[in-house]
Amino acid sequence: MADKDKLDLVHRDAIHAERVRKEQRHQKLHTEFSINPHRKLHVLPDKPMCRRTTEEIPEDEDFIKAFRKAHEVPTKKYSMPLTESQEIGWMSTPLSRQDTRFNFFRFMTDVTKHHEFENRN
């Protein structure tokens, strides 16, 4: 039993080579990358006293389009809501100031007049 558990160098190498072949067979190479829309992009300027000229970086139109698309409002990004919580405010219009259900203006009553008079003195 102890002889079967021990593997010599040739068997270990064969097992390792089989494992590497299996990993390479199932490995997928990703060559297309995109920016994470949930992280802010910070561009840092050079130091103020730096004499080095700034290098010109050519604009990448695909990157700019992807960046603008990632920062769009969901109603402009998608034709229909993707989640249940997006359905709640998907087709909403801004509230008008004439709707008294949602606008609570300050009214002057006897109590508020009395309170303001006391606070001024």
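The structure, which is a predicted model, holds 1 salt bridge, and that bridge joins Arg-19 to Glu-23. Two surface patches complete the picture given here: Leu-41, Val-43 and Phe-63 form a nonpolar one, while Glu-59, Asp-60, Glu-61 and Asp-62 gather in one of negative charge.

**The salt bridge**

- The closest N and O atoms of Arg-19 and Glu-23 are 3.4 Å apart, and the two residues both lie in helix H2, which covers residues 9-26.
- Along this helix, Arg-19 and Glu-23 are 4 residues apart, a spacing of about one turn.
- Arg-19 is exposed, because its relative accessible area of 56% is over the 50% cut-off, whereas Glu-23, at 47% relative accessibility, counts as partly exposed.

**The nonpolar patch**

- Together, Leu-41, Val-43 and Phe-63 have about 310 Å² of accessible area in their patch on the surface.
- Val-43, one of these residues, has its place in the loop between H2 and helix H3, the latter covering residues 61-70.
- With a relative accessible area of 71%, Val-43 is exposed.

**The negative patch**

- The patch of negative charge on the surface is made up of Glu-59, Asp-60, Glu-61 and Asp-62, and Asp-60, one of its members, lies in the loop between H2 and H3.
- Asp-60 counts as partly exposed, because its relative accessibility is 44%, a value that falls between the cut-offs of 20% for buried and 50% for exposed.

Note on methods. Residues are numbered from 1 along each chain as its sequence is written. This is a predicted model: local features need pLDDT of at least 70, side-chain atom pairs count only at pLDDT 80 or more; totals for chains, interfaces and linings use all residues. Side-chain values use heavy atoms; hydrogens and water are left out. A salt bridge is a side-chain nitrogen of Lys or Arg within 4 Å of a carboxyl oxygen of Asp or Glu. Buried means under 20% relative accessible area, exposed over 50%, partly exposed in between (1.4 Å probe, protein chains only). Patches are made of residues with over 30% relative accessible area and no salt bridge: like charges are joined within 9 Å, nonpolar side chains (Val, Leu, Ile, Met, Phe, Trp, Tyr) within 5 Å. Accessible areas come from the Shrake-Rupley method with a 1.4 Å probe; for residues, only the protein chains shown count as cover. Lys and Arg count as positive and Asp and Glu as negative; His and the chain ends are not counted. The place of a charge is taken as NZ of Lys, CZ of Arg, CG of Asp or CD of Glu.
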